[in-house]
Amino acid sequence: MSKWREEIDVQQKLNRKYEKLYTAIYEDVESASAEIAQYIADLIRKKEEKGEKCVLGLATGSSPIGVYNELVRMHKEEGLSFKNVVTFNLDEYYPMEAGHIQSYVHFMHEHLFNHIDILPENVNIPDGTIAQEDSYAFCQEYEQKIKSMGGLDLQVLGIGRSGHIGFNEPGSGLNSPTRLISLDTMTIADAAGDFGAVENVPRRALTMGIETIMSARDVVFMAWGEKKASILKQTVEGDITDLIPATYLQKHPNVKVYLDSAAAAKLIRINTPWLVRDIEWNDKTIKKAVIWLCEKLDKPILKLTNQDYNDNSLSSIVANHGAAYDINLKVFKMLQKSITGWPGGKPESDSGKPERAMPYPKKILVFSPRPADDVIAMGGTLKRLIQQGHNVHVAYQTSGNIAVSDDEVLKFLDVVKDFSPLSKTVQAKYQLIRDFLSGKGVGDVDNREVRSIKTIIRKGEAISACRFLGIPEVNVHFLEMPFYETGMINKASLTHKDIELTVEVLRRLQPTQVYAAGDLTDPHGTRRKCLNALTRSLDIVKEDDWYSDCWTWLYKGAWQEWDISDVDMAIPISPEELITKRLSIFKHSTQKDMLYPGVEDMEVWRFSENRNRATAQMLDKLGMAEYEAVEMFVKY
Ligand code: F6R
């Protein structure tokens with residue numbers, strides 16, 4: 001029985017009160033994607049047996065990539081044929097040339113059509129090159145064509161953070177037809193990475209309408225990563241509203257929602273399971289429930305009463321684990337224990353600290369997915385570790401070169417050119433690169449030379465930040481993992497070489513403490529791949545002697561933070577340390593002007609400070625000591 005069926009049978013009966021869409025939650029994106037692909041393949045085969053065409057509505061974006069990979073595998077290894085398949089894509093940017101690297105035409109061919117036996121005449125994607133005055137007629141024809149094929153048998157959907165399906169942005173009506181629309185600010189911000197900058201993102205798109213999507217006989221809807229958790233909660237549990245067009249799916253009779261655990265994290269059954277069913281109370285669940293109760297009632301832990309527990313579906317804790325007084329104290333102590341000024345362990349005083357005192361000093365290896373992730377997420381902790389005498393190394397997993405603008409390259413080149421005015425090689429190279437950059441169009445990929453200069457720039461900044469914090473240059477390691485080096489936002493899959501590089505640095509340094517980014521954001525994104533590479537590498541070295549003495553701590557990358565109830569170690573940061581942290585972030589000067597997607601005027605250092613201050617305030621509200629800022633870690 002498929003995981004999805006099981007979920008329906010077991011979970012959904014319980015959750016119907018809260019979840020308005022049938023939802024299955026998977027451990028990881030790979031297993032969910034494989035199941036969706038199997039579902040699509042079964043439909044294609046069933047239709048083929050009946051001698052009918054299978055009409056599929058398809059989506060682009062990062063979400064369905066795993067599904068398309070799996071369909072391609074099934075075509076190559078299991079003989080799945082697409083000869084009876086007709087496809088209609090949801091959308092295309094407007095205006096957009098088909099040959100442009102960011103066009104959805106390019107995307108679909110790269111990820112699916114080029115690798116299967118679909119007939120070219122059966123592929124339909126909205127045409128981003130039509131004249132604006134022809135767009136109305138074009139959209140009408142697109143819909144007519146779908147109808148003439150008998151309608152969509154199955155629609156594949158992802159969801160944008162704005163709540164869009166297709167490019168039906170907030171405000172789209174239930175009956176909206178296929179049309180030319182203007183994109184939401186959040187959608188534009190989210191696409192900025194793909195296009196190199198916000199200014200380059202087309203402001204409009206052609207999209208299949210809500211009405212057309214709703215007319216599909218079957219809908220497969222998927223979302224992965226913590227970035228989608230909030231909008232998913234509103235889509236699955238919220239009321240139907242045109243402010244979140246995805247909620248219209250609640251009116252569709254046949255929608256299956258596939259989530260990974262990160263995207264499902266805010267659903268009631270996951271976040272507050274005690275509201276849905278009887279749960280097993282242990283230290284972890286009690287801590288989570290008590291912190292939730294404090295936030296709900298705006299009370300510190302030690303002021304919660306028996307009545308508070310009883311009135312808020314938590315009477316079973318009181319019934320089984322003693323009175324409010326005892327439970328409060330237990331959770332208060334748990335939190336207190338996790339707060340320490342000694343991230344590497346406090347020498348000679350082991351008791352009740354999150355880290356061991358010995359060995360001292362520790363050899364510490366901090367993995368940073370890109371240059372700057374280390375200081376953004378744990379700059380204060382890094383400074384402490386160094387001050388407390390530990391031997392700190394940093395391994396930058398990828399080059400991060402894609403985030404350096406062309407103008408920065410020119411700035412550095414000018415220095416080199418003027419530094420070596422007599423060197424013909426330098427002058428010739430300078431001219432070559434200048435010519436390349438001036439001929440470069442929006443979204444064009446850099447050549448090797450420019451990429452390597454961008455890598456060098458980021459290396460220099462990383463070394464400078466480390467030097468500033470007191471980490472010697474010999475302790476700075478650049479893995480330059482190959483999966484990252486596509487020159488584009490879309491990264492390649494992890495290969496043997498990526499794992500080999502990670503294992504090599506681990507075995508060479510044999511650390512006693514490791515820090516790494518524990519992000520579960522975009523599954524195809526850099527941070528998640530870096531985490532996968534690390535966990536796979538740890539699996540390889542786990543039999544090594546040194547590994548039994550090595551503890552691993554996970555921090556969150558730039559834009560997310562751990563849930564306080566999951567945290568095992570919280571490091572208070574003083575006002576002075578926070579400024580040191582800020583200055584270390586500033587050493588990554590090419591990244592200084594990067595704004596937080598969707599939040600105007602929010603540079604990364606500010607976002608990072610806000611996040612650390614918010615944690616401190618949260619702890620304060622729970623009744624803990626009042627700190628300026630706090631960095632948080634979860635034990636791996
Ligand atoms: C793509 C589309 C969009 C995406 C959505 C999520 O054809 O219609 O609705 O599904 O923006 O994008 P990703 O998957 O990149 O997060």
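**Figure 1. Area buried between domain 2 and domain 3.** The area buried between domain 2 and domain 3 is about 1000 Å², and carbon and sulfur atoms give 53% of that area. The structure shown is a predicted model. The size of an interface is often given as the accessible area lost when the parts come together. Contacts across this boundary involve 13 residues of domain 2 and 13 residues of domain 3.

**Figure 2. Salt bridges across the interface of domain 2 and domain 3.** The rule finds three salt bridges across this interface. In a separate close-up, D563 is shown forming a salt bridge with K288. The closest N and O atoms of D563 and K288 are 3.9 Å apart.

**Figure 3. Domain assignment of the chain.** Domain 1 covers 3–260 and domain 2 covers 279–338 in the assignment. Domain 3 is given as 363–401 + 460–623 + 630–635. Between domain 2 and domain 3, the C-alpha centres lie 32 Å apart.

Figure 4. Rolling a probe the size of a water molecule over the atoms shows where empty space is left. One cavity of 30 Å³ or more is present in the structure, and the largest cavity has a volume of about 40 Å³. The elements β2 (54–58) and β3 (85–89) are those that give two or more residues to its lining. The residues that line the largest cavity are I40, L56, L58, L71, F82, V85, T87, L112, F113, I116 and I118. By class, ten residues of this lining are nonpolar and one is polar, while no charged residues occur there.

Definitions and conventions. Residues are numbered from 1 along each chain as its sequence is written. This is a predicted model: local features need pLDDT of at least 70, side-chain atom pairs count only at pLDDT 80 or more; totals for chains, interfaces and linings use all residues. Side-chain values use heavy atoms; hydrogens and water are left out. On a 1 Å grid over the protein atoms alone, a cavity is a set of points where a 1.4 Å probe fits but cannot get out, and a pocket is an open set with protein on both sides within 12 Å along at least five of seven lines; lining residues have an atom within 4 Å of a point. Grid points are joined across faces, edges and corners, and a volume is the space filled by probe spheres set on the points. Helices (H or I, at least four residues) and strands (E, at least two) are DSSP runs, numbered from the N terminus. Ala, Val, Leu, Ile, Met, Phe, Trp, Tyr, Cys and Pro count as nonpolar, Asp, Glu, Lys and Arg as charged, and the others, Gly among them, as polar. Domain bounds come from an automatic or database domain assignment. Contact means heavy atoms within 4.5 Å. Buried area is the accessible area (1.4 Å probe) that two parts lose on being put together, summed over both. A salt bridge is a side-chain nitrogen of Lys or Arg within 4 Å of a carboxyl oxygen of Asp or Glu.
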